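Here is a short briefing for a first look at this protein.

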Amino acid sequence: QLQLPDASQGISISCWIKLRPVLQYSAVWSSMDPSEEFRGIDLWLEPSCLAAHIKQAYYGPNDPRNRLLKIISEPILNHTWHHVLVAYDGKASVDSLRIYLNGKQLQTEPIEKTLEEPITLSHPLTLGGRVGEQFKGLRFSGDVSGLSVMTKFASAAEAIELYESEIVGLARTEKPSSTQQQ
């Protein structure tokens with residue numbers, strides 16, 4: 001677990017992932033506090049799609065007290081390494097959250113957009129899932145490598161630069177060294 005910095009000025013978290021075909025939902029990484037209505041941020045996997053959440057409060061599906069922003073991508077390929085960057089600008093608008101895949105901003109659809117105020121990140125980052133008894137069986141099924149945290153909202157140019165610089169490094173080593181999650 002890794003304690004994340006204050007997100008009020010923005011935060012960007014990137015990693016390499018390799019998906020396996022699964023039909024369950026799981027977190028690639030998460031910084032959500034179950035004791036505080038799951039306040040936090042995550043990179044969430046839905047069947048063949050990436051989603052990201054910023055949660056101020058979450059009580060359950062379709063609960064009117066929910067305060068969150070969720071975006072979801074088009075399907076992505078399994079069995080292929082992808083560089084994913086999630087950027088949050090520290091605000092509470094619909095444009096506050098972005099997902100970049102291999103240096104390109106994904107066209108995402110805001111599914112839920114009830115966030116009313118910026119969030120603080122008080123819970124450590126967990127790799128391969130979420131903390132909480134209800135998420136015990138929802139572990140990420142795939143590989144993760146090269147986790148990186150920036151204390152700012154990454155721009156589109158920075159997302160491309162980060163992806164391309166890591167590709168050059170990978171060309172030297174042939175493939176990412178992976179941390180396999182069960």
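This is a predicted model: local features need pLDDT of at least 70, side-chain atom pairs count only at pLDDT 80 or more; totals for chains, interfaces and linings use all residues.

**The largest pocket**
- In total, 15 residues line the largest pocket, and W44, H53, K55, Y58 and R130 are the closest to its centre.
- Strand 3, strand 4 and strand 5 each give two or more residues to this lining.

**Overall fold**
- The protein has 12 strands and 1 helix.
- Along the sequence, the order of elements is β-β-β-β-β-β-β-β-β-β-β-α-β.
- The protein has 182 residues, and 48% of them are buried.
- Among contacts with a separation of 6 or more, 70% join residues 24 or more positions apart.

- In soluble globular proteins, nonpolar side chains tend to be buried together.
- Here the largest nonpolar core holds 31 residues, and I17, W29, L50 and V86 touch the most other members.
- At least two residues of this core come from each of strand 1 (11–19), strand 2 (26–33), strand 3 (39–46), strand 4 (49–57), strand 5 (67–72), strand 6 (81–88) and strand 7 (97–101).
- Strand 1 supplies the largest share, with 5 residues.
- Beyond residues up to four places away in sequence, W29 touches I13, C15, I41, D42, L43, V86, L125, T126, L127, G128, G129 and L147.
- A second core is separate and has 8 residues, including M32, W44, C49 and F135.

**H53, a pocket residue in strand 4**
- H53 sits in strand 4 and is among the residues closest to the centre of the largest pocket.
- Is H53 buried or exposed? H53 counts as buried because its relative accessible area is 6%, and the cut-off for buried is under 20%.
- The side chain of H53 makes a polar contact of 2.7 Å with the side chain of D42.
- D42 is also touched by W29.
- Setting aside neighbours within four places in sequence, H53 is in contact with M32, G40, I41, D42, W44, L68, L69, K70, L97 and R130.
- Two of these partners, W44 and R130, are listed with H53 among the residues closest to the pocket centre.

**K70, a buried lysine in strand 5**
- K70 is part of strand 5.
- K70 is buried, because its relative accessibility is 11%.
- Which side chain does the side chain of K70 meet in a polar contact? The partner is E46, at 2.6 Å.
- Apart from neighbours within four places in sequence, K70 is in contact with E46, A51, A52, H53, E109, P110, I111 and E112.

**L162, a residue of the helix**
- L162 lies in helix 1, which spans residues 156–173.
- L162 is buried, because its relative accessible area is 17% and buried means under 20%.
- Which residues does L162 contact, leaving aside neighbours within four places in sequence? They are S14, H83, L85 and M150.
- L162 and N102 are 60 residues apart along the chain, and their C-alpha atoms are separated by 9.2 Å.

Notes: Residues are numbered from 1 along each chain as its sequence is written. Side-chain values use heavy atoms; hydrogens and water are left out. A nonpolar core is a set of buried Ala, Val, Leu, Ile, Met, Phe, Trp, Tyr and Cys residues joined through side-chain atoms within 4.5 Å. Buried means under 20% relative accessible area, exposed over 50%, partly exposed in between (1.4 Å probe, protein chains only). Helices (H or I, at least four residues) and strands (E, at least two) are DSSP runs, numbered from the N terminus. Contact means heavy atoms within 4.5 Å. A polar contact is a pair of N or O atoms within 3.5 Å; within protein, one must be able to donate a hydrogen and the other to accept it, and residues adjacent in sequence count only if both atoms are side-chain atoms. On a 1 Å grid over the protein atoms alone, a cavity is a set of points where a 1.4 Å probe fits but cannot get out, and a pocket is an open set with protein on both sides within 12 Å along at least five of seven lines; lining residues have an atom within 4 Å of a point.
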